[in-house]
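Please keep the sequence and the structure at hand while reading.

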Amino acid sequence: MPKRVDHAERRTEIAEALVRVAGRRGLHAVGMRDVAAEAGVSLRLVQYYFETKEKLMLFGLEHLAERFGQRVSARVRAAGDNPGPRAMVEALLRAALPQDDESRTFHHLYTSYAVLAVNDRALAAQPFIKNPDAAEAALTELLRQAQEAALLEPGVDAQLEAAGLLAMSAGLGTSILVGQRSPESAAAVLDHHLNRIFRTGDAAGAVTG
């Protein structure tokens, strides 16, 4: 009896091959033939599953996004059984900072995709992520929970702060990638701004590391 193929597993293996080779060479320099060689499969098989390079890159980024969600969950678990809103906020923001190989690849490939999409209509036509506002909505909700618990300073606009913190985290991530600052320096900047909006008493709920 022929071996049954798990198509979802095969697609994931190809996506992981894309991530590996793009992490070494840059997303702009990767072709479907390179991914096939990295995955140890034929070019025809890669084309069967993804048809175009654009669809392959999009699936690869979605795969990275799932891994990012797992990183956030791990940081939340590390904060204890009942983490406060600040610990949850820090888990979300710090998980995106390039502090190890996986997070560096995550930030590098997401940034590369965005840059390529500026001048590539085929890439721009693909949904960058399924819900580009998901992170902002989640962060806004966490800040509103903190606000309801009187953990934020008076007058804080949860939605505006969420947008600003995410933009800051993205910019800090890029500054780490190009060697402008260290992960520790970037984390200190995030802490400074969180101290500005959270009341002092909630600092004890902060995530370390």
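## Aromatic pairs

The structure holds 3 aromatic pairs, where rings of Phe, Tyr and Trp (its six-membered ring) pair if their centres lie within 6.5 Å. The ring centres of F50 and F59 are 5.3 Å apart and their planes stand at 50°, so this pair is tilted; planes under 30 degrees apart count as stacked, over 60 as edge-to-face and the rest as tilted. F50 counts as buried because its relative accessibility is 3%, and buried means under 20% relative accessible area with a 1.4 Å probe and protein chains only.

The model is a predicted one, in which local features need pLDDT of at least 70 and side-chain atom pairs count only at pLDDT 80 or more, while totals for chains, interfaces and linings use all residues. Residues are numbered from 1 along each chain as its sequence is written, and side-chain values use heavy atoms, with hydrogens and water left out.

## The annotated region

An unreviewed UniProt entry gives the annotation "DNA-binding region" to residues 31-50, although such annotations may be inferred rather than shown by experiment. Over residues 31-50 the chain is 80% helix and 0% strand, with helices (H or I, at least four residues) and strands (E, at least two) taken as DSSP runs.

## The lining of the largest cavity

The largest cavity is lined by L18, V19, L27, M57, G60, L61 and L109. α4 gives the most to this lining, with 3 residues. Domain 1 (1-51) and domain 2 (53-197) both contribute lining residues, so the largest cavity lies between them; the domain bounds come from an automatic or database domain assignment. A cavity is a set of points on a 1 Å grid over the protein atoms alone where a 1.4 Å probe fits but cannot get out, and lining residues have an atom within 4 Å of a point.

Terms used: On a 1 Å grid over the protein atoms alone, a cavity is a set of points where a 1.4 Å probe fits but cannot get out, and a pocket is an open set with protein on both sides within 12 Å along at least five of seven lines; lining residues have an atom within 4 Å of a point. Buried means under 20% relative accessible area, exposed over 50%, partly exposed in between (1.4 Å probe, protein chains only).
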